[in-house]
Structures are given as C-alpha cells and as structure tokens.
Amino acid sequence: MDARKRLAFSIDRWRLLTGIGFCLIVIALAWQSDDAYHGYVMSRHLAEGHGLVYNIGERATASTCPLFTLIIALFYFVTREMYFTSLFVCTLFSTAAYCILVYRLCHTKEQVIMSFVALSGSQAFISYTTSGLENSLLFFLSAVFLYLLKGQEQFNEKRLLGLALVLSLLAMARMDSVLIFVPVIVWIYLFRRDKVSFIKAVGIAVLGLLPFILWEAFACFYFGFPFPNPAYVKLGTDIAMAEYIKRGILYTLYTALDDAVVVVIPAVTVILGVLSGKLKYTLVAAGILFYGIYIIRIGGDFMMGRHFTNMFFVAVCLSVMMINDTEADASKIPLIRKVFYTAVFVSVIFAATIGRTDGSLYLAGHKYSSQISDEREYYYDTTGLYNNVVSLLTTGQLCVQNTWNNEAPDDLRAQGFTGGIIENAAGILVYYNPDLYLNDTYSLGDPFLSKLPAEYKENWRVGHLRREIPEGYQESIRENGNLIEDPDLHEYYEKIRLLTRADLFAGGRIKTIIDMNLGKYRYLIDSYEKRR
C-alpha cells in the first residue's frame, strides 16, 4: 500500500505541476483574435438588452459559435468588461480540458509528461487556447465526451444521454466539430446499448440533442436562417472544389512546416486507432480522419493551424486512452505507447528547431508570405495580455482598441450618418464603435450581401471574398430603408428586411422564413446575376 500511495502521490504531483505550468504558459502567451470580437459584439448587445444581434436593429449573427457567444454574454453581464473577462473564460475552459486529460485519462507520470509536452509544444494549440474563438470550449467539450467514452464497452441510459448532450453542445459551439465523434456515437447507439431498447435509445438521443434542436428552431425564427451568417459567406462562392482542395492541401503543408506537432500527432493517432484492434478507437480515429479531409475540402483557413487544434487535442486524449485500455490486445499496447511517445518527441523537436528557426518564434509566432498567417503574431502587439496590462498601467487604457486606425467611423459621424458599408469592418473596430451600424463587403454580419455571389479573385483568401455593393444599398443602410435600384434585388432585400428588421410576429414573416430557406427567392439573385 505504501508503494501505491507513493506512486499515486508522484502522479498527482506531476499532474499539479504540469497543470500549473500549462496554465502559466497559456496566460503568458494570451492574446485575442480580431475575429473573436465579431462574437463579442453580439455578446455585449445581448447583455445590454439590445438582443442577440450584430448591429442594433438588425437580427443577424456574425458568430459561428453561438454557445460560446452566449457564455461570454453571461460573464460580461456580470463584469461589464470584455477583454479580461473573455481571456478568463478561455483560460478556464482550456485549463479544465487539460485537467480532464491528465487527471481522468492519464494513469502514469510518463503519460502526464508526454501529454504536457505535446500540448505545450504546439504553437497553434497554445495560441487558440485564448484567442477568443470557440477552440477552448471545443477542447473542454471534447475532453468531457472522451471521458464519458473511457472504459465503457456497453452504455447505459445515463451514458447514452451524456454523450448525446455533449455532442449537442459541441454542435452549438461549432457545427462541423461533431464530425469527429459522429462515427463512434452512431455505433454506440446502434450496437453498444446496455439493456436499452432501440426505441428508448432514439428518445434518449432526441432528449440529449434537444439543446441544439431548440437552438436551430430559435435561429430560424429569430434570425430567419438556420446557419450562422459567416457560413453563407463562405459557402456561396461558386468556386470550383478543386481550388478549395488545393488551398486545403497548402493549409495543411504550411501548418505542418510551422507547427509539425498539430498535424503529425493526429495522423499518427489515426494509424494507431486502426492498429488498436478495438472498433471504438478505430471509429474515433476515423472521425479524426474525416475531419482532416473536411478541413482540406473547405480550403483550410487563413489562420495557421486553427482548424487542426481540436482534432490534435482529441488525438492526444485518444492515444492515452488506447495505452491505458486493459481490455485491449496487450501485445499492441507497448507498440502504441512507443509510437505515440516517439511521434510527440520527434514532432516537438522538429517544430522547435527546423520548423521554427528561432526559439523566439514560439513566443512571437511566425508568418509566411501567403494568404495563410499566424494570427497571434499579427495581433499580439495590440491584443496580447502582457501589452494590454502594461498599457493599462501606464496610460489607463487597453491598447487592444488601437488595433485598427481606421478613419471610416469618424467619417460617417462627420457626415451625419449612423452607419454604412465600409472597406474593412474588423471585429475590434466594430466593437469599439457601438453607436454605428458597420458592415463591409466581406459580409460576415450582413444578412443581405452574404447571400449575393462572391467576387472572384485569383489569389483569393479563404473566408475573405468580397461582394459587390448593389446601387442604392449603401443609401438603404444609411436611411434605414430599401433604396436598391435593381428590381430583383430590391424585392429580395425587402424579404431580408422582413426577416431581420420587422417585428418577430409581423404578418407573413414565418411564411417568408420557410420560403427563403427552401430557396424560393433564389431566382431573384440568379436574375440579377445574369444581368450583371
């Protein structure tokens, strides 16, 4: 018993030490992404009683992560301060995810240390623990899902409900994140029920998915559309799939060069999942593979490594689970452990030396001359925690508000306008100009422009394709009316105004929502496009 107690104490000490170390690294390198502020704008408006809107008076969402936006709104309602509050929430979720990994999934000191090395050795993972995007919440929910999966071969009602509920919350955090877990949860519900009939399992699934179902019903009724506005921006481009795949491959290669850990570990884990011989692990590994293919299919992202971070975290957790499975083929566990540890060691060393030619790049980030960049490097000077604390102590103000020196808001005020479509309505810029209606031709928060065809440019950037402003639309925004000259777009915008600006129970609004989402007004845009 004494030996066991000493061993337990040793493991717990390493869990505590690495947990503190992980938290300190996250805080030391904390920053905020400009894109996060699109969601923060909505969180603040909701907390201040203006509704869940991007621009006051228009029900549109510029956030792809409704659950995280609602959580931030709750915390902001209490503190009435956004910068430090959002960093606290991100750090809380990321640290909680790490604690679940080392306290609930890791069984030995070596596993704790290797997990710490893997996660802290990934520049992308550490960057997106505090970016203000949904990643930290995804880490936490994924850790909870895998904890519910751990050590179970048959799943009772409670476990089935728990898995469905977590999957529902993942979908609310980011819809496409569920791809990682869909294969395994479908298999569990079909073949691994513990004394639960199929009909009852269906009822449990519906109950667990109820948060997401209710959110979708609310989104359709409130916004008029089931999906976040940025989804329509990125999907409605008419760009050939081959171009998306090409950019997705480049995104993967650039990320691997910059941060080998976040790409290599998921790839290795997929192989180990197949070699494990257990279908449960193979299906999670398949989910990781599907998500990787999906990333390539959508063209990756413009943020270096961002979309790989959650599949990377899941891969680390899954590898540890496979090593500790006493019911698995004992002959394969040493091989899995050796391959995983070697992959972590080699990829971290590669990332720290060859991938990043200077150790300081881990702190400062790294950017290639392409449309894919390290966002933390770009924004750290004005959104980094350290710089903002120094600025607050020396000037009494946060330097985050100085990120964009854009004169467009002042020009609108000088002309007596209450808003308009400007060249670059960046998230931080919109947040610090709450008295104005602001959108740009990237259309992340514009429910009308986002439905129009994108303007194609050869060197296009994922998520950054502009829309042409129709004649009269700028005046429509400034005058809060419908002054669009093109007759088809005039009629289409009238429908959009009914969905997003009229009273929620205005006559004909529900029917228009249904018709809009069934594509019955698409002919208006097609007709405009033919003439254009």
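This report walks through the surface patches, salt bridges and cysteines of a predicted model.

## Ground rules

Residue numbers start from 1 along each chain as its sequence is written, and side-chain values use heavy atoms, with hydrogens and water left out. Since we are looking at a prediction, local features need pLDDT of at least 70 and side-chain atom pairs count only at pLDDT 80 or more, while totals for chains, interfaces and linings use all residues.

## The greasy patch

Val-182, Val-186, Leu-190, Phe-191, Phe-198, Ile-199, Val-202, Val-206, Leu-207, Leu-210, Ile-213 and Leu-214 make a nonpolar surface patch of about 1,100 Å². The elements giving two or more residues to the nonpolar patch are helix H9 (182-191), helix H10 (198-208) and helix H11 (210-222), and H10 gives the most, with five residues. Patch members have over 30% relative accessible area and no salt bridge; like charges are joined within 9 Å, and nonpolar side chains (Val, Leu, Ile, Met, Phe, Trp, Tyr) within 5 Å. The areas come from the Shrake-Rupley method with a 1.4 Å probe, and for residues only the protein chains shown count as cover. Helices are DSSP runs (H or I, at least four residues), as are strands (E, at least two), numbered from the N terminus.

Leu-214 sits in helix H11 and counts as exposed at 52% relative accessibility. On that scale, buried means under 20% relative accessible area, exposed means over 50%, and partly exposed is in between (1.4 Å probe, protein chains only). Leu-209 is found in the loop between H10 and H11 and is partly exposed, with a relative accessible area of 30%.

## The acidic patch

Over at Glu-471, Glu-475, Glu-479 and Glu-485, negative charge gathers in a surface patch. Here Asp and Glu count as negative and Lys and Arg as positive, with His and the chain ends not counted; a charge is placed at NZ of Lys, CZ of Arg, CG of Asp or CD of Glu. Glu-485 lies in the loop between helix H23 (473-479) and helix H24 (487-500), and its 61% relative accessibility makes it exposed.

## Salt bridges

The count comes to 19 salt bridges, each being a side-chain nitrogen of Lys or Arg within 4 Å of a carboxyl oxygen of Asp or Glu. One of them pairs Glu-153 with Lys-278 at 2.6 Å, N to O. Glu-153 is in the loop between helix H7 (135-149) and helix H8 (157-173), and Lys-278 is in the loop between helix H14 (260-275) and helix H15 (279-297), so this pair ties together parts 125 residues apart in sequence. Glu-153 is partly exposed at 26% relative accessibility, whereas Lys-278 is buried at 12%.

Glu-243 and Arg-247 also form a salt bridge, with their closest N and O atoms 3.7 Å apart. They are four residues apart in helix H13 (residues 241-258), so about one helical turn separates them. Salt bridges with shared partners also join Glu-134, Arg-174, Asp-176, Asp-301 and Arg-306 into one network. Within that group, Arg-174 and Asp-176 meet at 2.8 Å, N to O, and both are buried.

## Cysteines

There are zero disulfides in the structure, a disulfide being a pair of cysteine sulfur atoms within 2.5 Å. For Cys-23, the nearest cysteine sulfur is that of Cys-99, 8.4 Å away. For Cys-317, the nearest is that of Cys-106, at 7.9 Å. Cys-317 is buried, with a relative accessible area of 0%.
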